Amino acid sequence: MKRIVLLPLCALVLFLAGCWNNRELETLGIAVAMGIDKIDHEYVVTVQLVNPSAVSARQSDTSRAPIVTYQEKGKTIFEAIRRVTKVAPRKTYYPHLKILVIGEELAKDGFAEALDLLSRDPEFRNDFYVVVAKDHPADDVLNVLVPVEKIAAQNMFTKLQTSADVFAPTLALTFGELIKDLTSHGKHAVITGIQLTGDAKEGEKMENLQTSNPKVRLKYTGIAVFKDDKLKGWLNEKESKGYNYIVDNVKSTIVAVPCIDDKKRFLSVELIDADTKLKLNTMKPKPEMSVTVKADANIAEVGCAIDLTKQATVDQIEELAEKDINAKIRSAIKAAQDEFKFDFLGFGEVMHRAEPGYWKKVEKKWDKEFVDITIKSKVTVDIEKLGKRSNSFINEMGD
Amino acid sequence: MLEKGKISVRQFTILVALYTIGTAILIIPSILAAKAKQDAWISGLLGLAIGVAMVIFYWKLSERFQYVNLIEILEKCFGKWIGKSVGFLFFVCYVLLLATFVLRDIGDFMTTVMMVETPIEAIHIIFLIIVLYGVKLGLEVFTRTMELFIPWIVLLLVALFLTLLPQIEVTNILPVFENGMKPIVQSSFSFLVFPFLEMVVFLMIIPYVNRPQDTKKAFMLGTIMGGGLLIFISVLTILVVGPTETARSIYPTYDLTKTINIREFFQRVEALMALIWFITVFVKLLVLTYVSCLGIAQVFELKEYRIIVLPIGLVLYVLSLSIFPSISFLIEFTPVYDLYAFLWCAVFPFVVWLVSLVRGGERNKSGTARTESG
């Protein structure tokens, strides 16, 4: 008797397993990028979907665009997203979202209200990158077709990651980190900008993929500085790098320093590891803070005849590299204290940790305090290796 | 005796540890971080210390009555009728209610973040079927099953820790003592109520350990292991996610596992990591359902507690769906519930203790004597 009951029960396991609301891959529109703009008090959401038949490895159909974008308006982001179902053939699926592009106009008006959905809805993760479209609305950026890495979102994602890792003028900022910055009282947010070169309309056509030198490209450019959630201005490359040194975001980068005797020729110092410490030095008579950067470096390229076999030469190069880095750091501090007049470098958080009592008093007016704080900076570069040559062959060529 | 099985002291330790972790692992980081912010670990340690003291108190109570179960303790203390009535109230109004919360917790969790479109009823039914099956098999069987779970939990926890190491930012727990002691103490009270005071249900299980006189150390050890792990998870969440986001999150531990990403290769493993709390929630619900069945069966002097497993399960199912209308209600209601639980878990055993002192302990034979409780 028992067995008779047990058997169908066991059989049920086979049929009942699995997810209630499972959706097969071919029924999903996988969203890889999302752009948000605002026009006349309405959000305009642009969603970039992968066009599976055009990117599949086996039978890729190169006559079709690898991505498709859909755009809808709505009073809230979610309304706009759901309205997309009217135009998109499949229900959009967001866990694979790679990048969120915020239009510059929306960024100037303040974009925080647009982000709640992304932090609340379980379909969104918080590891996608956030960038600001410079000079263009977000949808222009998402419409561009790009070669090599054909899914534009993946292209932007990888580009941002690599440039942040090996050159450091950009900031690979994830959504989670952005929320942390937005809610912090000791640091205002910054977001990397993305720019479109060429005519936006041209970039939407397949021709852009069919040439070796595409007319329209997407390029990361500088860092946008926000006060709370409103865009206040842009840092140039020098200041952006300085910013990244200060917030300890530099993993590896190149410092081009002039040859010791010859100011017109340069050599490259490759930083392989940089470590930054922000500190509060003293509170009396006035608060003084400091930035200390310690970097390990290699000589990567020599454009002139110098004697690298002498420690003295290397010492001089170290000093030049230190000067260059220090100048970038100073430029970022200057931008914060003199130009923008608020703290996007995170010195407030350092103060918060070091002097919680004092912080309680100044928390609300920290930006005013910050402008007058003395910030010292010190950079130490250690050059360890020369690559696989000692002196350059240039030394042998004579004049 | 309704329960004829016996468990070993070691099994008891495991049971206590897993029960402590229970549903707490899902939400405790945000409870600790809510008021104490980055000082959550201090609240945690404070809560744990008081929790262990309470556990010792529960054990002393059990020892004083020579390790009979809670209903028998009440009968000896208050006499048959009052004892049974109070016991019935305790099991229905507290233990069963707690079981309902636990079931609803896992249902809410699943339908909020993992399987959003699945009806909560489906999850409750499936979860309950396994739990009721476990209760029916009895104490000895399900504690052995738990021993099997231990290596998996340890493995997953170690994996969780190692994969998150690169993302730890030590600055997240600084500065220490920013807001003084008050928020720390407030948070530690919540931590004490949930989960340490819930240990009171083990008064029903201590009698079935083969050497009950040795359970004191096991009880403490299990509590410290479970509580320590909860503190560890909370600190890890704050170190990785930051105190404000932790406090704002409804399921911070799940958010934590979502951040695991080793070189774009080892990522999106949260469903795997969720196995940790599926197991611990299962254990907690199992223990609570078992204790409710056993307690209620004993109140009515049934020959078998197994015949009321299914009815209790049905009650649980219905209650769990109707107990609160929304998450906001639950969040608002939690401080009230904390006090309510404090009454049943701290004040109530303390009254029992006092009465037993007044009456000269367990030497009184139950049945005839009557004393009004305070």
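# A tour of chains A and B

Start by selecting domain 1 and domain 2 of chain A: their C-alpha centres lie 32 Å apart. Domain 1 covers 25–235 and domain 2 covers 246–399, with bounds that come from an automatic or database domain assignment.

Before moving on, note that this is a predicted model, in which local features need pLDDT of at least 70, side-chain atom pairs count only at pLDDT 80 or more, and totals for chains, interfaces and linings use all residues. Residues are numbered from 1 along each chain as its sequence is written, while chains are lettered from A and ligands numbered from 1 in the order in which they are written.

**Stop 1: where the two domains of chain A meet**

Domain 1 of chain A contributes 16 residues and domain 2 of chain A contributes 18 residues; two residues are in contact if their C-beta atoms, placed from the backbone, lie within 7 Å. On the domain 1 side, α7 (152–166), β8 (217–227) and β9 (230–235) of chain A each supply at least two residues. Helices (H or I, at least four residues) and strands (E, at least two) are DSSP runs, numbered from the N terminus. Which element gives the most to the domain 1 side? Select β9(A), which gives three residues. Colour the domain 1 side by residue type and you will find seven nonpolar, five polar and four charged residues. Here Ala, Val, Leu, Ile, Met, Phe, Trp, Tyr, Cys and Pro count as nonpolar, Asp, Glu, Lys and Arg as charged, and the others, Gly among them, as polar.

**Stop 2: strand β7 of chain A**

Now select residues 190–197 of chain A, which form strand β7. Six of its eight residues are buried, so the strand is largely enclosed by the rest of the structure. A residue is buried if 20 or more other C-beta atoms lie within 10 Å of its own, exposed if 12 or fewer, and partly exposed in between, with C-beta atoms placed from the backbone.

Strands count as paired if DSSP finds at least two bridges between them. To see one such link, pick A:Ala133, whose bridge partner in β7(A) is A:Ile194. Then bring in β8(A), which runs antiparallel to β7(A) and is joined to it by eight bridges. Here A:Gly193 has A:Thr221 as its bridge partner in β8(A).

**Stop 3: all of chain A**

Zoom out to see chain A with its 14 helices and 13 strands. Its C-alpha trace spans about 90 × 60 × 60 Å along its principal axes. Of its 399 residues, 40% are buried.

Next, highlight residues 221–387 of chain A. An unreviewed UniProt entry annotates them as "domain: Spore germination GerAC-like C-terminal"; UniProt positions are given in the numbering used here, feature names are shortened, and annotations may be inferred rather than shown by experiment. This span is 37% helix and 38% strand, and its end C-alpha atoms lie 30 Å apart.

**Stop 4: between chains A and B**

Show both chains and look at where they touch: twelve residues of chain A are in contact with 16 residues of chain B. On the chain A side, α8 (175–183) and α12 (347–354) each supply at least two residues. The largest share of that side, three residues, comes from α8(A). By type, the chain A side divides into five nonpolar, three polar and four charged residues.

**Stop 5: chain B and its helix α4**

The C-alpha trace of chain B spans about 70 × 45 × 40 Å along its principal axes, and 48% of its 374 residues count as buried.

Select residues 70–78 of chain B, helix α4. Is this helix largely enclosed or open? Eight of its nine residues are buried, so α4(B) is largely enclosed by the rest of the structure. Among the buried ones are B:Leu70, B:Ile73 and B:Phe78. Just after α4(B), click on B:Gly79, which takes a positive phi of about 90°.

**Last stop: B:Glu178**

Finally, find B:Glu178 in the loop between α7 (139–164) and α8 (181–193) of chain B. B:Glu178 is partly exposed, with 17 other C-beta atoms within 10 Å. Draw a C-alpha to C-alpha distance from B:Glu178 to B:Gln38: the two are 140 residues apart in sequence and 8.6 Å apart in space.
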